Amino acid sequence: MSRQSNRTTDSKKMNSELFTLTYGALVTQLCKDYENDEEVNKQLDKMGYNIGVRLIEDFLARSSVGRCHDFRETADVIAKVAFKMYLGITPSVTNWSPAGDEFSLILESNPLVDFVELPDNHSTLVYSNLLCGVLRGALEMVQMAVDVRFAQDTLRGDNVTEIRMKFIKRIEENLPVGDE
Amino acid sequence: MAIFSVYVVNKAGGLIYQYDNYVPRAEVEKTFSFPLDLVLKIHDEKVVVSFGQRDGIRVGHAVLSINGVDVNGKYTAEGKDILEYLKDSSNYPVSIRFGRARLTSNEKLMLASMFHSLFAIGSQLSPEVGSSGIEMLETDMFKLHCFQTLTGIKFIVLADPRQSGVDGLLRKIYEIYSDFALKNPFYSLEMPIRCELFDQNLKSALEIAEKAGTFGPGS
């Protein structure tokens, strides 16, 4: 992974293996601490949420995307700009529901799970659940409540990794002034 | 110093960061003998000149210090009422420093929330739908530039009217905020920003903006 090339502050290249190892250490430690896959999934989601609420500002400061006015625009921005910026991959957006409020992100590769195999005793562990929390937290800060979950996971035998995102509602309470 | 101050206001309208970059230029210290020919009055818990402008001491200037010791509102550092003190001829000759009174932090908090409300009114006054809030407020002494992010945080910069490139500076401050405040795990969102690195980087950004007069994107 490398930082954006137009950042003149520091353009460091960081070894993505270190990132994979760090994430792996985090998940295994959580498994040891909680001993219950459901609990670990919840904690990963919470941690992801805390990352997401901060990451959104970094994303908005560095990209020049404006406010998205419908869910399709949001999906495009997430897949083409955000995932590219932070994980270096571009998932595809498919499987739109008829009402246009649900879609899937199909990830061909997932940098978090390079070299990872799930053992049998952790079959219900959603290893990359952090990503769900990140997406949920980030969108909440731009006044969109969404539900994010993994529909398919290569670690559990599926062919691709599929993240299903469902639009719940717009959060009207903290709407910054001047946006509708 | 063409950039006067920076304010950061959170979603709820509370001031979470404030930085003053200017030193009030008009501070005058003079020695006076009895009787004082300036007319002083109490205004907002401070002693200000109401009439008798002379020698660089303007109407509206507040008493900042007496005999070199900073005053405490309308009382001297020892707790004596300033107007009483100056009416007593035995205290003369006295050296008084006058200058533009600085805003206290409470006043700044109040002004920030008031600006937050005015910002909202600005967008409601618009004849067209979907207007932004107040982006610039201009007076003859300064221009106030405001940038609201999609998440509701406002970055406000008060600068000289001739200063250019403040838009770029506002974006740069947003980047510095997202780096040094948000990536600090010990900083909680919406709380006052007390991060050393944020202060340092903000100061260098202001210096660059002042020297260059403009701030390029992505720098």
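I will start with one residue: A:Gln143 is buried, with a relative accessible area of 2%. Before going on, please keep in mind that this is a predicted model. A:Gln143 sits in the loop of chain A that runs between α4 (129-141) and β3 (144-152). Its phi is near 65 degrees, which is a positive value in a residue other than glycine.

B:Glu190 is not a glycine, yet its phi is positive, at about 70 degrees. B:Glu190 also belongs to a loop, the one between α3 (166-181) and α4 (196-212) of chain B. Is B:Glu190 buried or partly exposed? With 22% relative accessibility, B:Glu190 counts as partly exposed, because the buried class ends at under 20%.

Now chain A as a whole. Its secondary structure comes to four helices and four strands. Reading from the N terminus, the order is α-α-α-β-β-α-β-β. The C-alpha trace spans about 50 × 45 × 30 Å along the principal axes of chain A. How does the radius of gyration of chain A agree with that of a compact globule? For 180 residues, a compact globule would have a radius of gyration near 16 Å, and chain A has 17 Å, so the two agree.

Of those 180 residues, 49% count as buried. As for contacts in chain A with a separation of 6 or more, 57% of them are accounted for by residues 24 or more positions apart. The accessible surface of chain A is about 9,500 Å², and 51% of that belongs to carbon and sulfur atoms.

A:Gly24 is placed in helix α1 (residues 16-34) of chain A. A:Gly24 counts as buried, because its relative accessibility is 14%.

Next, the cysteines. How many disulfides are there over all chains? The count comes to zero. Take A:Cys68, which is in no disulfide: the nearest cysteine sulfur is that of A:Cys132, and it is 19 Å away. A disulfide would need the two sulfur atoms within 2.5 Å. A:Cys68 counts as buried, at 17% relative accessibility. A:Cys132 is in no disulfide either, and for A:Cys132 the nearest cysteine sulfur belongs to A:Cys31, 16 Å away. A:Cys132 has 0% relative accessibility and therefore counts as buried.

That brings me to chain B. It has four helices and eleven strands. The C-alpha trace of chain B spans about 60 × 40 × 35 Å along its principal axes. Buried residues make up 44% of its 219 residues. Residues 24 or more positions apart supply 55% of the contacts in chain B with a separation of 6 or more. Chain B exposes about 11,800 Å², with carbon and sulfur atoms supplying 55% of it.

Chain B is divided into two domains. Domain 1 takes in 3-23 + 104-212, while domain 2 covers 27-99. How far apart do the C-alpha centres of these domains of chain B lie? The distance between the C-alpha centres is 34 Å.

Which residues of α2(B) are buried? They are B:Glu107, B:Lys108, B:Ala112, B:Phe115, B:His116, B:Phe119, B:Ala120 and B:Ser123. The cover over the buried residues of α2(B) includes several strands of chain B, among them β1 (3-9), β2 (15-20) and β5 (46-51). Also included in that cover are β9 (136-138), β10 (143-148) and β11 (154-159).

At 23% relative accessibility, B:Lys11 counts as partly exposed. The C-alpha atoms of B:Lys11 and B:Thr151 are separated by 7.6 Å, although the two residues are 140 residues apart along the chain.

That is the end of the talk.

Notes. Residues numbered from 1 in each chain as written. Chains lettered and ligands numbered in written order. Predicted model: local features only at pLDDT ≥ 70, side-chain atom pairs only at ≥ 80, totals over all residues. Heavy atoms only, no water. Buried < 20%, exposed > 50% of the residue type's maximum accessible area, 1.4 Å probe, protein only. Helix = DSSP H or I, 4+ residues; strand = E, 2+ residues; numbered from the N terminus. Contact = heavy atoms within 4.5 Å. Domains from an automatic or database assignment. Rg over C-alpha atoms; globule rule 2.2 N^0.38 Å. Areas by Shrake-Rupley, 256 points an atom, 1.4 Å probe, with all protein chains shown as cover.
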